[in-house]
Amino acid sequence: MSQEILRAEGLRKTFPGVVALDGVDLSLRTGEVHVLLGENGAGKSTLIKILSGAYHPDGGRVLMDSRQVHIRSAGDAQRLGIATIYQEFNLVPQLTVAENLALGRPPRRFGFVDVRRMEQQAGRLLERVGVDVDPRTPTARLGIARMQMVEIAKALALDARVLIMDEPTAVLTTSEVARLFAIVRQLRDEGVAVVFITHHLEEIAEIGGRVTVLRDGRSVAEVPANTRRDELVGLMVGRPIDQQYPRRPAERGEPLLEVRGLTRRGVFDDVSFEVRAGEVVGMAGLVGAGRTEVARALFGADRYDAGQVFVRGRPLPPGDVHAAMEAGLGLVPEDRKAQGLVLGADVAENLGLVTMRDATRAGFVDRPGLRRTAAKVAEQLGIRMTGLSQEVRTLSGGNQQKVVIGKWLAANANVLILDEPTRGVDVGAKVEIYQLVNALTAAGDAVLMISSDLPEVLGMSDRILVMARGRLVGELPAAEATQDAVMALATTETSHVR
Amino acid sequence: MSADVLPRRSPAAAWLAENGAVVALVVLVVALSLLSGDFLSLTNLLNVGVQAAVTAILAFGSTFVIVTGGIDLSVGSVAALSAISLAWTATSAGLPWPLATLVSLAVGIACGLVSAALIAYGKLPPFIATLAMLGIARGLALVVSEGSPIAMPDAVSELGGTIGAYLPIPLIVMVVMGVIAAVILNRTYPGRAMYAIGGNQEAARLSGIKVDRQLLITYALSGGFAAVAGIVLASRLASAQPQAAAGYELDAIAAVVIGGASLSGGKGRALGTLVGALILAVLRNGLNLLSVSAFWQQVVIGVVIALAVLVDTLRRRGTN
Ligand SMILES: Nc1ncnc2c1ncn2[C@@H]1O[C@H](COP(=O)(O)OP(=O)(O)OP(=O)(O)O)[C@@H](O)[C@H]1O
Ligand SMILES: [Mg+2]
């Protein structure tokens, strides 16, 4: 019989201007996967940061094995057997994967770091989570999904009794999610208590035991994981959401974006496709298939070796972001923290980042004008904040994502490339973003959508391109596309690009 | 959401938290006026202002650079080279003084552009690129002047004087340059781009900001401000000296940091920098009045810099 291992009672936490937690209870048993559910900004991450020693609660208490504990630091949490995978990564980009995995406690020999052993240990951990990377790779080169897997491996290394995972599946594709779930089930059966945060509701019944629902910083319900979807949504949002993928196909026009023979040696090879006005083209594939790399290259963020990109029939100069933007391209990058946001600047500044150039007359920026636009966009996306002057760093993860999308909404791009656009966004806000995609295509703009969330790609695209190992391996019209058909293509064996 | 919002901190409290340097300056002034009868006299205060002017003008230029997350070690040398250029073109080459002044500004800007090109296109770290420029500019100043001071044209030396009986012109130049810096930082595209680049260079680039070009502008401004500082300094001495302003870059950086900027970029304001420069000048002046030895003065100033940054870091940690 499983017993209670951890209990939180009446937790409260306030930040300047906002009450993040306002009386939260949580009960955690050994051998269970406990799902935390709630809208963006409901307080999920704040709750787990208290359990992991990153924040001190202003009220309430935490008990472990029925005894009150004071978790004052990450070290305290570790000693109590609590390991945490945070929503925002905590990897040092300049270090290798092996160094990150051993951070703080590298194996030593005669007082020196034993590099051989460190790399062997890293290799074993990586194998356990099933990622194929050399432990000597610099972490910055990994791409976001592999970083997530490294984070998971890092937490596993701690042999914790309580494992907390804040949105681990937000950037993973179906096959990695399956592998992660296999690991989680194994840990659960070994008696580990797992706290699991996700915005993918279909994952809840698959992996979860019980669900605690947070709303506006309060725990409003604890229900079994097989609770009906609409009931969960009702508890979480307080209103029903009728259609999850409300795609309204628009009239197709001329090709806005054409990519011909785009090649970057060792990364992607001979990629050609087009996106027409009014279209949403989805891009599916496994992690490492090269989707993000193609998107960045065509936007001018990275160089490429051969091929060409055309916008409305005009060739784009390679490696020139500014020219791409002038031509009407926009890119919502996959890693909001590293590539999308100026974390230390406020919401208004971030929302105005792209439009600042156009709001400049004779060198002077019309900041009041930018602020008005920012207010409109924030309203449209329902960004939850204390005000436009809140530092973006202190927004919840999903709300940060909305800011990244918002800065391109403000910019009126004609061809919007969305790389994992709904990463960490709650169900209600996702539908808002899909409606925006509809509005864009209805107005004759085009959208290229890369997403690891297969139902999202299937539900929102008119056409789906599938990439595997750096090549475009197939194209499916929305009507014929099923998860199985896409996965079959995505796992096609192609000769590896060199 | 609205129900969750707590009453905000009172505006006064928020202002104090944001402007710790101002409080420090006021405390310093009050303490010194109690300790020394001479401190609060008009002549002494104006004297402090003149002392602060050169550092402040250099520091305004450094503020641009530090906001982008860079650093400019060359400003002292560039100031000297610019002043020498003015004096040399006006005396040896016989150019009229307004033209010579333009040449001098152009030299300062050119030095900044070279540093920036090394950083933006040569991918050198700013520390290294501007360290090289520190040597190059100082060397050129010595070469051109053959190691000896050159007299400044009389018209330019007026800059070192006063308007009426009291108001020192360097003080006016300082205020004007401060206003220009504030306007650039707050209102212009290059200024806003500096904050974005310093906050997250990659996000700035992917938002369409031409990072290389903005860095050129940033370091050119730093060089231009250094030239103005060099001219002000030389006009006070009525001669341009090749060894002038040596080590001033460190005072400039200290002023910017005391003023609340972060060396990791994305934060910093012209007003803060002005206050930082005033704190340094008031401190030096006060220590002189109290006849503290020059050796101890260095110790005290070092401690103050460490304290200022420490207090700021602790405050930030407190709010996060
Ligand atoms: N350091 C901070 N300073 C100020 N406000 C903060 C800070 N951290 C969190 N908040 C605020 O607390 C609230 C709860 O944030 P939290 O990150 O816990 O939400 P979440 O439930 O994890 O949301 P998401 O699903 O978007 O990740 C938000 O309104 C957020 O803006
Ligand atoms: Mg969160």
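This is a predicted model: local features need pLDDT of at least 70, side-chain atom pairs count only at pLDDT 80 or more; totals for chains, interfaces and linings use all residues.
A polar contact, as used here, is a pair of N or O atoms within 3.5 Å; within protein, one must be able to donate a hydrogen and the other to accept it, and residues adjacent in sequence count only if both atoms are side-chain atoms.

1. Residues are numbered from 1 along each chain as its sequence is written, chains are lettered from A and ligands numbered from 1 in the order in which they are written, and side-chain values use heavy atoms, leaving out hydrogens and water.

2. Start with ligand 1. A polar backbone atom of A:G398 lies 2.7 Å from an oxygen atom of the ligand, and an N or O atom in the side chain of A:T46 is 2.5 Å from a ligand oxygen. The protein covers 94% of the 640 Å² of accessible area that ligand 1 has on its own (Shrake-Rupley method, 1.4 Å probe).

3. Now look at the shell. Ligand 1 is surrounded by 21 residues, the closest being A:K44, A:S45, A:T46, A:S396 and A:G398 (a residue is near if one of its heavy atoms lies within 4 Å). The shell holds 6 nonpolar, 12 polar and 3 charged residues. Here Ala, Val, Leu, Ile, Met, Phe, Trp, Tyr, Cys and Pro count as nonpolar, Asp, Glu, Lys and Arg as charged, and the others, Gly among them, as polar.

4. Where does the largest share of the shell around ligand 1 come from? It comes from α1(A), with 3 residues (helices are DSSP runs of H or I, at least four residues, and strands runs of E, at least two, numbered from the N terminus).

5. Helix α15 of chain A, residues 427–442, is worth a visit too. Its 16 residues reach 23 Å from first C-alpha to last, close to the 22 Å expected at 1.5 Å a residue (1.5 Å times one less than the number of residues). Of these, 12 are buried, so α15(A) is largely enclosed by the rest of the structure (buried means under 20% relative accessible area, exposed over 50%, partly exposed in between; 1.4 Å probe, protein chains only).

6. Finally, two backbone angles. Most residues other than glycine have a negative phi. A:R312 has a positive phi near 50° and is partly exposed, at 44% relative accessible area. B:S291 also has a positive phi, about 50°, and is exposed, at 64%.
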